[in-house]
Amino acid sequence: MTGSEKLKVKLFADGADFDGMLAMYRLPHIKGFTTNPTLMRKAGVSDYEAFARKVLAAIPDRPVSFEVFADDLGEMEQQARRIATWGPNVNVKIPVTNTAGTFTGPIIRNLARDGIVLNITAIMTVEQVREIADVLAEATPAIVSVFAGRVADTGVDPMPHMRACKKALAARPKAELLWASPRELLNIFQADEVGCDIITATNDILAKLSLVGKNLGGYSLETVKMFYQDAKASGFTIG
């Protein structure tokens, strides 16, 4: 990881492809894993619990986030408590609201109070972070996942936004701010600069760490050669 060794932000791998997760697990700089029902569906997972237990058996010593999928808050809490029993390295993902927009604060409070390590997800606003900070337990670690990539998709600069989110968590030192949904490798360095504790990224983004420090002149020449070889292989002619 030329040039990236100085990063303070922890790198998590985001995905639900089992082989891909194992490939990331073999890399010591990958400190944890996140997934969600959408990624699992895309990967063809049909048995949620069986898949989770398979992952936890293969990755027993780094945090792995698994998300509840109920919409009723009571059912969410029941699912969260069950998921938490699957392994000591489980982080239980709870969405910041249900599909009706109801804040999940009451169950976040209950679960955190009982020592369950949560990953609160799908957060977009600083106000949501403040509300979450109010219900987290001081003694229980937690992850607060702000979807900075989606914030950026709306035309909002995510860096001052994430700085404000970090400030909103100041009273909860055991709560880690996670930069979610990055769009490019640069986001890792941006997350580090603004003081995020964690960034989770897909394997294809993490693979680009090998490019850090690459000579741009040489990269330019490689690109020119690629265009030339592809045009030649396509048999293009003009005139």
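Asp 153 is exposed, with a relative accessible area of 52% (exposed means over 50%, buried under 20% and partly exposed in between, using a 1.4 Å probe and protein chains only). Its salt-bridge partner is Arg 183, with the closest N and O atoms 2.4 Å apart. A salt bridge here is a side-chain nitrogen of Lys or Arg within 4 Å of a carboxyl oxygen of Asp or Glu.

Keep in mind that this is a predicted model, where local features need pLDDT of at least 70, side-chain atom pairs count only at pLDDT 80 or more, and totals for chains, interfaces and linings use all residues. Residues are numbered from 1 along each chain as its sequence is written, and side-chain values use heavy atoms, leaving out hydrogens and water.

- Helices (H or I, at least four residues) and strands (E, at least two) are DSSP runs, numbered from the N terminus.
- Arg 183 is partly exposed, at 44% relative accessible area.

**Salt bridges across the structure**
- Searching the whole structure turns up 14 salt bridges.

- Glu 49 and Arg 53 pair up through their side chains in a salt bridge of 2.9 Å, N to O.
- Both residues sit in helix α3 (residues 48-58), four residues apart, or about one turn of the helix.
- Glu 49 is partly exposed at 22% relative accessible area, and Arg 53 is also partly exposed, at 40%.

**A bridge between two strands**
- Glu 67 and Lys 93 form a salt bridge through their side chains, at 4.0 Å, N to O.
- Here, too, distant parts of the chain are linked: Glu 67 belongs to strand β3 (residues 64-67) and Lys 93 to strand β4 (residues 90-95), 26 residues apart.
- Glu 67 is buried, with a relative accessible area of 12%, and Lys 93 counts as buried at 6%.

**Around Thr 99**
- You'll find Thr 99 in the loop between β4 and α5 (105-113), where Thr 99 counts as exposed at 71% relative accessibility.
- The Thr 99 side chain makes a polar contact with the side chain of Asp 71, at 2.6 Å.
- A polar contact is a pair of N or O atoms within 3.5 Å; within protein, one must be able to donate a hydrogen and the other to accept it, and residues adjacent in sequence count only if both atoms are side-chain atoms.
- Thr 99 and Ser 46 are 53 residues apart in sequence and 23 Å apart in space, C-alpha to C-alpha.
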